[in-house]
Structures are given as structure tokens and as C-alpha cells.
Amino acid sequence: MNTFFTFLHVAAAIILLGPVVVATSMFPAEAGKARSGGEESTGRASVLHRITKTYGMLSLLVPLLGGVVMAFDWDTHETNYWLHTAIVLSVIAWGILYGMVIPQQRKLMGSLGALDPADADPSDVTSNFEKSKAQAAAGAGIFNLLWFLVLILMFIPAPA
């Protein structure tokens, strides 16, 4: 049973986190092109923003499944401090995604007039487009780096 849940955990990480990593990385460039008047870039930026929000939320299944794996084999994982560090880094990564990346993307989309009117809010506009774009890019870079570190930590053998 543990092997099955480990498979689901890894598959969810690949299928759900992969798109978020790519979308957050591509979004700032597409938003910049859209600001220059590229209608296709506005569409691409909109899709990347939706992928970031949707897959970002769905990727919360990854730690849930990881918790199931830990629960099934707690004696093995109890003293694995690399794994515990990976859990903390993943929480920080989601904090950056939801506290920095998605809000900056939303402000950029609002500034482009690309938010759904029913969903748009007057505060969803940035006074400094380039600064918001840079913050979205920086947040994406930190988010992606943290997930790379989590991947490495997951494969370091438990301390003896």
C-alpha cells in the first residue's frame, strides 16, 4: 500500500507541480509582451495565470499524499530530518506562490485589462508594471528553486 501512495505522491508532484513551475516562469515575459500590445501574448499570459492558480491549488494534493506515505511508514520517516526540512521548504514555497506570485500576476493581468470583469477588483491594478513584473519573476524563481531543493532533499538518505 505504501508503494501505491508513494507512486501517487510522485505522480502528483510531476503532473501538478510541473505546470506551475513552467507557468510561473513564463508568465512575466508574456505579460511584458502583452503590455507592448500583443493580443496573443495577452491570451498566453491569461492562460499561464489560470494554470498557476488552478494547478497551484490542485498541487496541495502533493503534501497530502506525502503525509499519507509518512503515516504508513512513520518509523522510517520519523528521524529523517532531510524530509522534515523538505516539508518546511514546501510550505514556504506555497506561501511565496500564494502571497507573492499569484497576487503580482493578478495585478499585472488587471493592468492589462485581461481579468474577467465579474472577477475583477479595482485593487487588481499596479501603478508600477515593471516592478510588479520583476516581483512576479523573482517570486517564481524562488518558488522554483525551493521545489528543486525539496526534490533533492527527498532523495537524501535518512541520517543513521
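On a 1 Å grid over the protein atoms alone, a pocket is an open set of points where a 1.4 Å probe fits, with protein on both sides within 12 Å along at least five of seven lines, and lining residues have an atom within 4 Å of a point.

I then listed the lining, which has 33 residues, with H9, A13, V62, V150 and M154 nearest the centre of the pocket. At least two lining residues come from each of α1 (2-35), α3 (61-72), α5 (81-111) and α6 (129-155), and α1 gives the largest share, nine residues.

**Basis.** I kept in mind that residues are numbered from 1 along each chain as its sequence is written, and that side-chain values use heavy atoms, without hydrogens and water. In this predicted model local features need pLDDT of at least 70 and side-chain atom pairs pLDDT 80 or more, whereas totals for chains, interfaces and linings use all residues.

I next followed α1 against α5, whose axes come within 11 Å and cross at roughly 35 degrees (lines fitted to C-alpha atoms over the stretch in contact, with angles from 0 to 180 degrees between N-to-C directions). The contact, meaning heavy atoms within 4.5 Å, brings L17, V20, A23, T24, F27 and A31 of α1 to W94, L97, V101, Q105, L108 and M109 of α5. I counted ten nonpolar, two polar and no charged residues there.

**Salt bridges.** I found six salt bridges in the structure (a side-chain nitrogen of Lys or Arg within 4 Å of a carboxyl oxygen of Asp or Glu). R44 pairs with E30 in a salt bridge, with the closest N and O atoms 3.0 Å apart. Because R44 lies in α2 (residues 39-58) and E30 in α1, the pair ties together parts that are 14 residues apart in sequence.

Technical notes
Helix = DSSP H or I, 4+ residues; strand = E, 2+ residues; numbered from the N terminus. Nonpolar A, V, L, I, M, F, W, Y, C, P; charged D, E, K, R; others polar.
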